[in-house]
Amino acid sequence: MSNKLNHSMSLAKPEANDLSSKQKIAVFIGVVGLFILTLALLNINFPNKTLFLTLSLGCIAAGTVIFTNDLYLTKLEGIKNDGVWFKSISSKGVLGWVTGIVLTLFYIVLYFYPSLLGLGQKGESNTGLIALFDPLSQLLSGRPASQWFVYGTLYTLAILVFGYKFMLKYRHNKYQQLRTASVMFFQLAFAFLIPEFMYRLNSDLPYYDLKSIWPLNYYNFERYRINQFIDAGDIGLALLIFGVVSIFIITPILTYKYGKRWYCSWVCGCGGLAETVGDPFRQLSDKRQVAWKIERWVIHSVLVFVVLMTTAVIYSYLGKDSSKYWLTRDVFLGLVAGFLTLIFALTLIFKRKELGKDAIYGAIGYLVIIITLIGLHYFSSGSKLFLFKSETLRTTYAFLIGSIFSGVIGTGFYPIFGSRVWCRFGCPMAAVLGFQQRMFSKFRITTNGGQCISCGNCSTYCEMGIDVRAYAQKGENIVRSSCVGCGICSAVCPRGVLKLENDTMKGRINPTEILLGNDVDLMDFINNK
Amino acid sequence: MEHIVIIGNGISGVTAARHIRKLSNKKITIISAETDYFFSRTALMYIYMGHMKFEHTKPYEDWFWKKNNIELKNGYVKTIDTVSKTLQFAEGDNMPYDKLIIATGSKPNKFGWAGQDLNGVMGMYHKQDLDTLEKHAPNNKMCKRAVIVGGGLIGIELAEMLNSRNIPVTFLVRESSFWNGVLPENESQMINRHIKNHHIDLRLSTNLKEIISDENGKVKSIIIEETGEEIFCDVVGLTAGVSPNIDFLKNSNIETNRGVKVNRFLETNIPDVYAIGDCAEQHEGINQRKPIEAVWYTGRMMGETIAQTICGNRIQYNPGHWFNSAKFLDIEYQTYGWVFGNKAKPDYEQHFHWKHEDDTKCITVAYHKETNEFLGINTFGIRMRHETFNTWLTEKRDVNYVIEHLKEANFEPEFYKTFESDILSAYKNQLQIV
Ligand SMILES: Cc1cc2nc3c(=O)[nH]c(=O)nc-3n(C[C@H](O)[C@H](O)[C@H](O)COP(=O)(O)OP(=O)(O)OC[C@H]3O[C@@H](n4cnc5c(N)ncnc54)[C@H](O)[C@@H]3O)c2cc1C
Ligand code: SF4
Ligand code: SF4
């Protein structure tokens with residue numbers, strides 16, 4: 001399936017999707033809200049910032065809510081994908097491209113030129129857009145706003161209002177409603193409010209979004225943070241321990257029981273944005289097999305990169321003398337190498353058959369890391385790792401992966417590549433969870449016997465670009481590392497073929513040649529060959 | 001190398017080709033005059049509705065065929081010479097074959113209505129029909145009203161399609177209630193109400209008399225048989241069933257009736273010529289099935305079966321328990337085993353019916369009056385598990401067992417409200433009343 005550009009715009013286009021007058025009013029209200037933000041961006045100094053900020057955010061929220069109500073509540077419950085491929089915004093039309101470019105520019109400014117947004121330089125007070133958000137920041141944490149506060153506020157607002165939209169769109173679907181409520185809650189509480197309150201309670205603590213887990217939160221174990229954690233006393237230490245526990249204990253248990261969806265579709269902020277704001281773009285993900293091949297290389301390279309980078313960073317600030325502190329550089333390297341070897345060995349022993357050719361790729365990744373670790377041990381001096389400084393490695397990662405990939409490409413390109421580009425190609429957390437989901441989890445998408453009619457709705461609307469149909473039409477369960485368990489394939493399937501389930505590991509992967517419904521003897525003959 | 005030629009690149013022909021390829025390295029050619037590549041006919045509606053583009057309806061990427069060494073030919077087979085084993089194409093060229101599989105599918109029924117060939121009158125079967133619809137009904141300005149004739153599965157899909165572009169639809173159904181030749185009365189009536197809730201003008205017990213032309217040979221209106229009412233419209237959809245697409249065989253030696261006559265091995269009267277899918281007609285229906293089964297699943301099963309025979313493991317077409325599915329606007333429908341509507345219901349068949357108060361979910365369980373054996377279930381708005389019912393049917397469970405264990409068959413998404421206990425208590429109540 002190719003994802004060619006939308007040419008329908010030049011043809012006599014279906015006009016059934018025109019906006020109703022109520023929707024036009026709603027758009028107007030929303031645009032007023034955005035317009036206030038734009039004016040602030042252009043350095044208009046509003047007299048009463050609290051009022052105008054409230055007005056602006058209020059208008060954006062009200063506009064979206066009114067629009068949504070008119071869009072969905074006037075219709076019966078059911079799948080609402082009419083006209084998706086006719087609308088310019090959701091079919092890579094002009095509107096889609098324009099939105100993509102504007103979003104991308106916004107990210108570039110946000111990451112690299114915050115002064116353009118009005119960030120006060122060298123202790124000066126904020127101006128422009130950022131100043132507009134000062135009152136809210138003062139209210140929450142008692143300090144002036146930063147570009148990250150502005151971004152965080154808009155991000156949270158977006159998840160909330162588009163989450164509302166998504167919940168109405170799927171108001172017949174309890175699974176969709178619950179998980180959306182969940183991401184809305186986690187974004188509002190964990191990413192937005194709690195860190196601000198934590199700052200109020202203890203301003204020594206580093207910003208910590210508790211649900212953001214290493215390696216997604218790649219900077220969690222950097223030196224300055226470790227120092228801050230330790231300086232902040234018991235709470236800080238508790239948070240640090242929580243950071244380690246969440247990746248090594250909590251994550252594996254939950255992923256075993258529920259698959260990676262517990263995180264990607266229920267908790268994560270990136271996932272939250274993709275599922276709400278990004279929902280109109282989910283069908284744009286590339287379903288071709290080559291995209292899958294590229295995906296696997298890229299995402300696992302990022303994982304290798306982040307493991308190396310983090311190891312090098314931690315290594316660089318650990319001591320050499322074991323009498324001062326037990327965790328020395330060598331102990332640390334040994335731990336990392338031992339842990340990776342354990343995982344690699346267990347996988348090979350128990351899952352060799354399932355892996356097939358992939359085992360080779362796994363082995364390559366493993367070898368790269370181990371050799372580097374050995375290299376680290378023998379050839380490093382001070383903060384250097386081979387020729388690179390660990391600091392260089394860190395800044396490169398932060399720039400390439402942390403900013404460009406997850407922000408600019410990951411979100412800015414929603415209208416072009418679909419909503420989960422980052423989650424699919426870039427996120428190292430997704431790689432870790434996905435690996436476990438594939439190897440050691442009760443989660444799968446069960447296919448309903450022979451009921452598939454190969455229509456393709458599931459594949460089209462899979463934001464991760466999984467060709468769900470390829471499995472369903474063979475009566476085979478879907479067990480894929482990239483599946484984030486959003487449940488949309490199941491929702492849009494017109495024949496009730498797909499069900500996300502947690503069940504026993506046995507028989508989870510069940511390739512079939514002859515589907516249920518045919519001659520039983522033939523099925524036995526072929527499928528058990 | 002033996003050359004296997006398949007006419008028709010639908011689900012039956014393609015399934016046959018894929019399985020033959022798995023079992024052998026014979027030369028395989030698939031012929032079609034419709035599209036270059038296999039697409040899912042069942043997804044046609046979603047293209048018009050804007051849920052998918054045509055590309056998305058192709059179950060295999062275009063490189064798949066070359067990689068699997070399956071040759072594709074775009075051409076229309078005009079005649080078959082079974083003596084010299086050659087096909088003649090309308091384009092003038094020929095193709096020899098060693099074994100031939102006819103998998104040409106169906107075509108829409110037309111019952112000789114006056115005006116049935118006017119511009120703006122169409123069936124809804126082939127890709128070309130979709131293109132025609134797109135031309136005549138791109139939006140509700142070009143098409144102020146559409147009339148659909150024939151209340152079957154394709155008719156209701158066409159109604160949903162037009163409805164998605166806010167084109168007013170009048171839906172003429174010959175029967176007294178939607179699809180009640182197949183569905184039990186309660187279910188059929190629930191669907192009637194659902195259709196009307198979508199603002200579709202459903203006319204039951206209503207027949208088409210004729211289609212009237214404007215001065216340019218385009219449809220202007222239709223006349224209703226019963227009342228003589230004239231309904232102005234720009235498009236008329238003829239969806240009164242389908243029949244095998246085999247006119248091109250009429251002058252060949254291959255025996256045909258409504259479809260291509262085949263035995264249980266899917267062999268025609270001519271050696272090395274087989275027929276599968278919508279166009280095949282059994283001498284007798286198998287296990288209460290009809291001799292011609294125009295459904296996706298049958299085409300697929302026949303494809304799976306014929307591949308064995310072609311590759312030396314000659315086996316009968318021996319389908320398992322009947323199942324099917326559809327979607328009526330927002331209501332999904334699944335069926336397992338046999339549940340008959342009033343017209344075809346055997347004497348021994350008894351029904352238990354439950355309906356949810358929201359009028360979008362219901363089930364009907366059929367069982368044997370004397371033995372209580374579970375015969376089948378229709379389920380609307382509640383997804384159920386194929387495998388579970390298949391097992392119960394094979395084990396010949398009785399109806400009490402099935403209703404008590406209905407939970408095991410639940411296939412709804414997680415967190416959905418379940419209705420098994422409501423159903424069970426309704427069932428017990430009914431037993432007390434009887
Ligand atoms: C709108 C619609 C919705 C449907 N929905 C469902 C559903 O939900 N569930 C279900 O079970 N079934 C459904 N069906 C029925 C199902 O699609 C058919 O049963 C199935 O596609 C038949 O497959 P086939 O391979 O036998 O033939 P087809 O898919 O019809 O393929 C035959 C092909 O052969 C070509 N051909 C015919 N004659 C010649 C010739 N002389 N030369 C060259 N090429 C030729 C035709 O053009 C066609 O491309 C639906 C059908 C339609 C039209
Ligand atoms: S396979 Fe289904 S549940 Fe998984 S990511 Fe794709 S659409 Fe979501
Ligand atoms: S699983 Fe459902 S949505 Fe996917 S191709 Fe099959 S019938 Fe269509």
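Q: Are A:E295 and A:R424 buried or exposed?
A: In this predicted model, A:E295 and A:R424 are both buried, a word that is kept for residues with under 20% relative accessible area.

Q: What makes the contact between A:E295 and A:R424 a salt bridge?
A: The side chains of A:E295 and A:R424 come to 2.7 Å, N to O, and because a salt bridge asks for a side-chain nitrogen of Lys or Arg within 4 Å of a carboxyl oxygen of Asp or Glu, the pair qualifies. The pair also links distant parts of the chain, with A:E295 in helix α13 of chain A and A:R424 in helix α18 of chain A, 129 residues apart.

Q: What is the reason that such pairs can form?
A: Side chains of opposite charge can pair when their charged atoms come close.

Q: Why is B:E2 called partly exposed, and why is B:K99 called buried?
A: B:E2 has a relative accessible area of 24%, which falls between the 20% and 50% limits and therefore counts as partly exposed. B:K99, in contrast, has a relative accessible area of 13%, and because this is under 20%, B:K99 is buried. The side chains of B:E2 and B:K99 meet in a salt bridge at 3.2 Å, N to O. This pair links distant parts of the chain, since B:E2 lies in the segment before β1 of chain B and B:K99 in strand β7 of chain B, 97 residues apart.

Q: How do you know that B:K355 is partly exposed and that B:D359 is buried?
A: B:K355 has 34% relative accessibility, which lies between the limits of 20% and 50%, so B:K355 is partly exposed. B:D359 has a relative accessible area of 19%, which is under the 20% limit, so B:D359 is buried. These two residues form a salt bridge, with their closest N and O atoms 3.0 Å apart.

Q: Which residues are joined into one network by salt bridges that share partners?
A: The network consists of A:K169, A:R179, A:E275, A:D279, A:R282, A:R420 and A:E463. Over all chains, a search of the whole structure finds 39 salt bridges.

Q: Why is the site of ligand 1 called shared between chains?
A: Residues from chains A and B surround ligand 1, and the site is therefore shared between them. The shell has 34 residues, the closest being A:R495, B:S12, B:E34, B:Y125 and B:D278.

Q: What makes the approach of B:E34 to ligand 1 a polar contact?
A: A polar side-chain atom of B:E34 lies 2.4 Å from an oxygen atom of ligand 1, and because a polar contact is a pair of N or O atoms within 3.5 Å, this distance meets the cut-off. A polar backbone atom of B:W296 is also 2.9 Å from an oxygen atom of ligand 1. Taken alone, ligand 1 exposes 990 Å², of which the protein buries 95%.

Q: How many charged residues does the shell around ligand 2 have?
A: The shell around ligand 2 has no charged residues, but 9 nonpolar and 2 polar ones. Among the residues that surround ligand 2 are A:C462, A:C483, A:C486 and A:C489.

Q: Why is A:L346 called partly exposed?
A: The relative accessibility of A:L346 is 42%, which lies between 20% and 50%, so A:L346 counts as partly exposed. A:L346 is one of the residues of a nonpolar surface patch with about 1,100 Å² of accessible area together. A:L346 sits in helix α14 of chain A, and α14(A) gives the most to this patch, with 6 residues.

Notes: Residues are numbered from 1 along each chain as its sequence is written. Chains are lettered from A and ligands numbered from 1 in the order in which they are written. This is a predicted model: local features need pLDDT of at least 70, side-chain atom pairs count only at pLDDT 80 or more; totals for chains, interfaces and linings use all residues. Side-chain values use heavy atoms; hydrogens and water are left out. Patches are made of residues with over 30% relative accessible area and no salt bridge: like charges are joined within 9 Å, nonpolar side chains (Val, Leu, Ile, Met, Phe, Trp, Tyr) within 5 Å. Accessible areas come from the Shrake-Rupley method with a 1.4 Å probe; for residues, only the protein chains shown count as cover. Helices (H or I, at least four residues) and strands (E, at least two) are DSSP runs, numbered from the N terminus. Buried means under 20% relative accessible area, exposed over 50%, partly exposed in between (1.4 Å probe, protein chains only). A residue is near a molecule or strand if one of its heavy atoms lies within 4 Å of it. A polar contact is a pair of N or O atoms within 3.5 Å; within protein, one must be able to donate a hydrogen and the other to accept it, and residues adjacent in sequence count only if both atoms are side-chain atoms. Ala, Val, Leu, Ile, Met, Phe, Trp, Tyr, Cys and Pro count as nonpolar, Asp, Glu, Lys and Arg as charged, and the others, Gly among them, as polar.
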